[in-house]
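This report describes the surroundings of a few helices. Please look at the sequence and the structure below before reading on.

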Amino acid sequence: MKKSLFLVTLGAVALLSGTATAGTLDEVKARGKLNCGVSSGTAGFSAPDAKGVWQGFDVAFCRAVAAAVLGDPMKVEFVPTTGQTRFTALASGEIDLLSRATTWTFSRDTDLKLTFAGTNFYDGQAFLVKKELGVSSAKDLNGATVCIQSGTTTELNLAEYFRINKMTYEPVPVDSSAEGERQYQAGACDVYTSDGSDLASVRASFPNPSDHVILPEIISKEPLGPIVRQGDEQWADIVHWTQSALFAAEELGVTKANADQLADDSDNPEINRLLGKEGDLGKMLGLDVEWARRAIAAGGNYGEIFAANLGDQTPIRLERGLNALWTKGGLMYAQPFR
């Protein structure tokens, strides 16, 4: 997609967005389920398992919000979206929350009138190539054909990187990560470019992952996180603080296994506020006192969610890196619960 068409898409969604109808919380409660937009199938992030149950990092955040709001992490309707349909689905009210690899940018925050509820994954754009191509650097890709998802920041980053480095390329547009994977494996492109985490997911699904290389260059900053419509501050706060509760839980040692026990016998005032034993933080959100306790119990704290879906015991095998807690050299940080 050319830059002009990308901007037209932004404008069209902005017209739909306007201001969110206040009362998303009431709508979700009345419906009895959370409508959550996810990717159309990215291993480790959001994909149905063999039984048709959605699993993954982004899925876990949807379930945490459902647990906080509805008391049941399974009360979620997952709505697959693509790079081109995700914003329209959110703006039109088809979904209450978008939880898929979406970069927080100036234009999306302002022109599209979206509210980013925080960053839950720090990523960057990279390049995947077949080892047999003999390429060791992105600067060796002059003249390459490149598979790239339409309607994404990846398109613009790619164009800028090649222009700055005085190289040319031939784009092969795809609608989703799954289509990008198929086209790349079929030989329709020399290179597949996307967020590094997406490429790790794609490579892990190959019969022989070691035959493919993610090049060392990271050419962009991609802060990813959940998004809601602008204009409903209560709902934005619920999503933001649910995510923050998962960060805080990891820092405080609150896990899926011990949350109930700590809620009963902890003498740590911050844990007690987080789990609803002291104070009444839930009331400020329009929720009950155990909202965060349920969110943590749904899939664990942030570290547990990362490890279960993306960590070194999974096929994706991602290191925490920037996504480690601030106390361990990363950028993950929850605002104080007080």
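This is a predicted model: local features need pLDDT of at least 70, side-chain atom pairs count only at pLDDT 80 or more; totals for chains, interfaces and linings use all residues.

Residues are numbered from 1 along each chain as its sequence is written, and side-chain values use heavy atoms, with hydrogens and water left out.

Helices (H or I, at least four residues) and strands (E, at least two) are DSSP runs, numbered from the N terminus. Buried means under 20% relative accessible area, with a 1.4 Å probe and protein chains only. Contact means heavy atoms within 4.5 Å.

In α7 (residues 177-185), the buried residues are Ser177, Gly180 and Tyr184. They fall within an arc of 55 degrees seen down the axis of α7, so they line one face of the helix. The arc is that of the directions from the helix axis to the C-beta atoms. Glycine 187 follows α7 and has a positive phi, near 85 degrees.

| Helix | Buried residues |
|---|---|
| α7 (residues 177-185) | Ser177, Gly180, Tyr184 |
| α8 | Gly196, Ser197, Asp198, Leu199, Ala200, Ser201, Val202 |

Seven of the nine residues of α8 are buried, so this helix is largely enclosed by the rest of the structure. Its buried residues pack against β7 (121-123), β8, β9, α7, β11 and β12.

Leucine 70 lies in another helix, α3 (residues 57-70). Leucine 70 counts as buried because its relative accessibility is 19%.

Note on methods: Buried means under 20% relative accessible area, exposed over 50%, partly exposed in between (1.4 Å probe, protein chains only).
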